[in-house]
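The sequence and model come first.

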Amino acid sequence: MYKKLLLMILTLCLLLCGCGAEDEAPAEPVAKEFTAAGLHLTLTDAFAEKSHAAYTLYAESENLLVLGLKEEYSLFENTDFSAQTSLKQYAELVWVANQLEGELPLVDDGEHLWFDYDKHVNGADYRYRAYVMKDNEGFWLLQFAARADEFEALTEAMREYAASVYFDKPFISTLPEIQT
């Protein structure tokens, strides 16, 4: 009798302990702000900020990289580029400087200018979405990178992340507004 009772208790414990763990939904990611050189970007706590010599901002999650590069206007002093250069012109410069093939597939979604491109890195195919922005000190190239086969599922998150950007020193044009 004692053995049967012990066996029933152990079986009940195993059943109860096993329940719930698989049924629990994973915790929802919590918004987390990342800041670098005057840019503020809201991602989630699934991202970890890391240091990278080539980028002003570098953060990664399990399936998405965020690469932010600020290029101050002073870098363009002896060129035709300045604070008054359009984002389209800056995007064209980035496209050419990075030797990306074909025509620049620039998209204006009403909020931002961006383009996608593909790269083969360390034996894997990646797709990038590059947003061009500027603040009062320079141009920003904010890129999101994911494995090519996961990219489409992440585009809405990329759009939301890009929409969260704000700057300590927003761009203010010094040119008079043109009346049309």
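## A pair within helix α2

K88 is partly exposed, with a relative accessibility of 48%. In this predicted model, the side chain of K88 forms a salt bridge with that of E92, at 3.9 Å from N to O. E92 is also partly exposed, at 35% relative accessible area.

Both residues belong to helix α2 (residues 87–97), where a spacing of four residues puts about one helical turn between K88 and E92.

## A pair between strands β7 and β8

D116 and R127 meet through their side chains in a salt bridge of 4.0 Å, N to O. D116 sits in strand β7 (residues 113–121) and R127 in strand β8, so this pair, eleven residues apart, links distant parts of the chain.

## A pair from strand β5 to a loop

A salt bridge of 2.5 Å, N to O, joins the side chains of K70 and E137. K70 is part of strand β5 (residues 65–72), while E137 lies in the loop between β8 (124–134) and β9 (138–147); the pair therefore ties together parts that are 67 residues apart in sequence.

K70 is buried, at 12% relative accessible area. E137 is partly exposed, with a relative accessibility of 30%.

## Network and total

K70 and E137 also belong to a network of salt bridges that links them with D135 and K169. The structure holds nine salt bridges, among them the K88–E92 pair.

Definitions and conventions: Residues are numbered from 1 along each chain as its sequence is written. This is a predicted model: local features need pLDDT of at least 70, side-chain atom pairs count only at pLDDT 80 or more; totals for chains, interfaces and linings use all residues. Side-chain values use heavy atoms; hydrogens and water are left out. Helices (H or I, at least four residues) and strands (E, at least two) are DSSP runs, numbered from the N terminus. Buried means under 20% relative accessible area, exposed over 50%, partly exposed in between (1.4 Å probe, protein chains only).
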